[in-house]
Amino acid sequence: MTLRVRQWRKRQRELDQLLRYSDSDGEQEGIKNVPSVPGTPSSCNSDNVPGTPDRVMSDNALETSDDFDTDVDYWSTDLEQEPNEAEVTSFEDELRQWALEYKVTHRALNGLLSILRKQGHLLPVDCRTLLATPQHNTTEPKCGGQYKYYGLEKGICRYLSQMESNDVHLSVNVDGIPLFRSSGVQFWPILVKCGHFDPFIVAMFSGQSKPNPLENYLKDFVSEYKHLKDNGIVFKGQTYTVNIDALICDAPARAFLKCIKGHTAYESCERCLVRGTCVERRIVFSEQVSTSRTDDGFSRVEYSNHQTGISPFIAAGIPCVSSFVLDYMHIVCLGVVRRLLIYLTRGPKVCRLSVESH
Ligand SMILES: [Zn+2]
């Protein structure tokens, strides 16, 4: 019994110390409820513990203090674990965002994940799990290849809560992307940019050549746009009007989408009725003034020497002359300026710069 009393006193001292420590700590960190952790008997309240020896000396009291010790341990362990779990989640999210922002290759990311896992971080083994890469993508055979429609409304809705006005202005880009040098596989995505936000994919086509017929390829996009243009998008009780401001494509893609002749044809100018002449196997537009093409005229397919068919965009009410912007990079920088530089450095003697003036 004496041994037991000694043991009890020792535990009592430890307990008092612990309580003082917990109280001061708890007050600082807002965990004043330490003793009333679920499962801890209410008698363990700090007011009651330094009670009468008679009461505390009972077996129950000893058990209580034992329980309390255990619970404090449990509580402190819990406290340590909680931030860790939160840290892991946010760490994983941050890592995912970082990998996406800096376009880290899957190989590099797998290497990094392996190192971090060795260091004890709870992370997936494969980067595809981290990036939540979809494993299956259902496509349908269409236009001579595989096609997938993601949707215009879904993409716009992602940004609507951050819109500053009730009008949604869209910029559209369609272009062919060769995937490999060794094969003719190419992607034809329909990309849409909504205001100042990043572009999103509305549809994707993959095939050995450009999608054919064009009408089928654009069918989903054009019909959804037409619906949104007529009815608007309702998001959280607010109606937004939708309008395509510009279609931004390079010359071959413009000719494909507008169903017009290529940029080397006699009547290839997309803005006016000028007819080019052939000079040294090149088409030259020497007229300074010419009648402009109009959206209405284009919609009525009046330009028979320019248009090769009826563009699906006409049916959607998109003004095909004014909406298709002429791209500065291909026409001016890589077109006229590049040609001038070639003539000045390697052209015929009549226009080439001399060595001194280089
Ligand atoms: Zn012109």
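**Exercise 1.** Is Ser268 buried, partly exposed or exposed, and how many other C-beta atoms lie within 10 Å?

*Solution.* The model under study is predicted. Begin with the position: Ser268 belongs to the loop that runs between helix 8 (251-258) and strand 9 (277-279). Next, take the count, which is 19 other C-beta atoms within 10 Å of Ser268. A buried residue needs 20 or more such atoms, and an exposed one has 12 or fewer. Ser268 is therefore partly exposed.

**Exercise 2.** State which residues Ser268 is in contact with, leaving aside its neighbours within four places in sequence.

*Solution.* With those neighbours set aside, the contacts of Ser268 are Lys261, Gly262 and His263. A further pair may then be considered: Ser268 and Gln307 are 39 residues apart in sequence, while their C-alpha atoms are 9.1 Å apart in space.

**Exercise 3.** Identify the residues of the largest nonpolar core that touch the most other members, and the element that gives the largest share.

*Solution.* This core has 31 residues, and those touching the most other members are Leu152, Leu170, Val172, Ile190, Val192 and Phe221. Among the elements that give two or more residues to the core are strand 3 (167-174), strand 5 (186-194) and helix 7 (214-231). The largest share, five residues, comes from helix 7. Finally, take Val172: beyond four places in sequence, Val172 is in contact with Ile190, Val192, Ile244 and Leu247.

**Exercise 4.** Compare the span of helix 4 (residues 106-118) with the span expected at 1.5 Å a residue.

*Solution.* Helix 4 has 13 residues. From first C-alpha to last, helix 4 reaches 18 Å, close to the expected 18 Å. After helix 4 comes Gly120, with a positive phi near 100°.

Conventions
Residues numbered from 1 in each chain as written. Predicted model: local features only at pLDDT ≥ 70, side-chain atom pairs only at ≥ 80, totals over all residues. Helix = DSSP H or I, 4+ residues; strand = E, 2+ residues; numbered from the N terminus. Contact = placed C-beta atoms within 7 Å. Core = buried A, V, L, I, M, F, W, Y, C linked by C-beta atoms within 7 Å. Expected span 1.5 Å × (residues − 1).
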